[in-house]
Amino acid sequence: MNFDQIVELEKHVLIPTYDRLPILAVRGEGCYLYDDRGKKYLDFLGGLAVNSLGYAHPEILAVMREESETLLHVSNLLYHRFQAPLAEKLARLSGLDRVFLANTGTEATEGAIKLARAYARKHHPSEPFERYEILAVENSFHGRTFGALSATWPEKYRKPFEPLVPGVKFVRLNDVAHLRESFSPRVAAVLLEVIQGEGGVVELQEGFLRAAEELCRANDALLVCDEIQCGLGRTGRFFAFQKFGLKPDVVLVAKPLAAGLPLAAILAREEAAQAFSPGMHGTTFGGGPLQCRVALKVLEILERPGFLARVREVGGHFRAQLEKLQRDLPVIRELRGEGLMQAAELAVPGKSVVRQALEAGFLMNCTQDNVLRFLPPLILERQHVDELVEALKPILAGASPGAATRG
Ligand code: PLP
């Protein structure tokens, strides 16, 4: 089937949940994605922060080939060789103690909310009130099933599905006074992204993070860091929370963990982890041998000397180049981000910029209507950054608030 036929067929057979870019992706290699016409795109979207090692990474392919011929799936009623070593590695890298393996980011959030409630019930059984509230942060995104959705800020995602899970309260972004006001002994957990991804690459300030940590400690609530988008090397550190030396009780990871295979993890401090006992939580596919073995290889590559330093270096170059661009182009209102999670907030809608960039052979995404978000593979090189910035110059010049924008 050709592109037009596929587009036409999708219109009739898929539940219409996605607004797609006009690309029929057929293969990828390194930082490049190729469409059905052989046109190549330098990928600054990275499968929405999934393809951290780019496409067709030879070491990942080798592991995948071998394991898929050995043991593709085995039930969680049995042992296999890769879950425990993966959990051990994730625990070591995060400073936490135990791991539950799930499939998607949403599912990890969902499990963390359950864990927080179970922990509260176990440790505070005799309180005269229910301790089940979750404090989330305005502008956050944590997923789309009921628990995770309840903690996700944009109304457009939540409204059509109400009533949602009760007990979620939103705290104003970086507003420490509001955080303190919102806190009470009813709070079971604070759930936050150290850098909000879907929200437009918005960093939580150190003072806000420290206050959240301190309030959680003082009230025996769990501090849950959702590192599904900003974690696993994206910012040039293994975890974004490490920049501030935070000590979360629970950390969530997903997207790039198994290089494109679905795998997520809830990492928890010992006492929090012990709130679950056999039967309280589970999943059929979570932590299968193929995903775990691939994830072990992903982490091994991220841990290699110099890998994360390169992410910081190329990320720093990226930011410096965007700053140069901003000096000439007032249409760039603000730059945000860390490492290879960068964003340029525009004074105009970003949709047409994304389309024009696509025509020029660059894949990126616009979130919040006017925020160009860059989540390239972590193997990106300086020269790729330069190519993008060069291509963006005329596009953004044409998108200036004064200039006519194409629809
Ligand atoms: N949490 C964050 C911070 C995310 O960015 C996302 C997805 O974009 C999710 C949770 C949900 O993950 P998934 O789409 O794998 O369910």
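**View 1. Buried area between domain 1 and domain 2 in the predicted model.** About 2300 Å² is buried between domain 1 and domain 2, and carbon and sulfur atoms give 58% of this area. On the side of domain 1, Leu308, Glu338 and Met341 supply 30% of the area buried against domain 2, more than any other three residues.

**View 2. The two domains of the protein chain.** Domain 1 is made of two segments, 3-56 and 306-406, while domain 2 spans 71-303. The C-alpha centres of domain 1 and domain 2 are 27 Å apart. Contact between the domains involves 24 residues of domain 1 and 27 residues of domain 2.

**View 3. Salt bridges and polar contacts between domain 1 and domain 2.** The count of salt bridges between the two domains is 3. In the salt bridge of Glu198 with Arg373, the closest N and O atoms lie 2.7 Å apart. Polar contacts across the interface of domain 1 and domain 2 amount to 12 residue pairs, with both residues at pLDDT 80 or more.

**View 4. Elements on the side of domain 1 that touches domain 2.** Two or more residues each come from helix H2 (46-49), helix H12 (307-328), strand S13 (332-338), strand S14 (341-346) and strand S17 (371-374). H12 gives the largest share of this side, 4 residues. By residue class, the side of domain 1 that touches domain 2 holds 14 nonpolar, 6 polar and 4 charged residues.

Conventions: Residues are numbered from 1 along each chain as its sequence is written. This is a predicted model: local features need pLDDT of at least 70, side-chain atom pairs count only at pLDDT 80 or more; totals for chains, interfaces and linings use all residues. Side-chain values use heavy atoms; hydrogens and water are left out. Domain bounds come from an automatic or database domain assignment. Contact means heavy atoms within 4.5 Å. Buried area is the accessible area (1.4 Å probe) that two parts lose on being put together, summed over both. A salt bridge is a side-chain nitrogen of Lys or Arg within 4 Å of a carboxyl oxygen of Asp or Glu. A polar contact is a pair of N or O atoms within 3.5 Å; within protein, one must be able to donate a hydrogen and the other to accept it, and residues adjacent in sequence count only if both atoms are side-chain atoms. Ala, Val, Leu, Ile, Met, Phe, Trp, Tyr, Cys and Pro count as nonpolar, Asp, Glu, Lys and Arg as charged, and the others, Gly among them, as polar.
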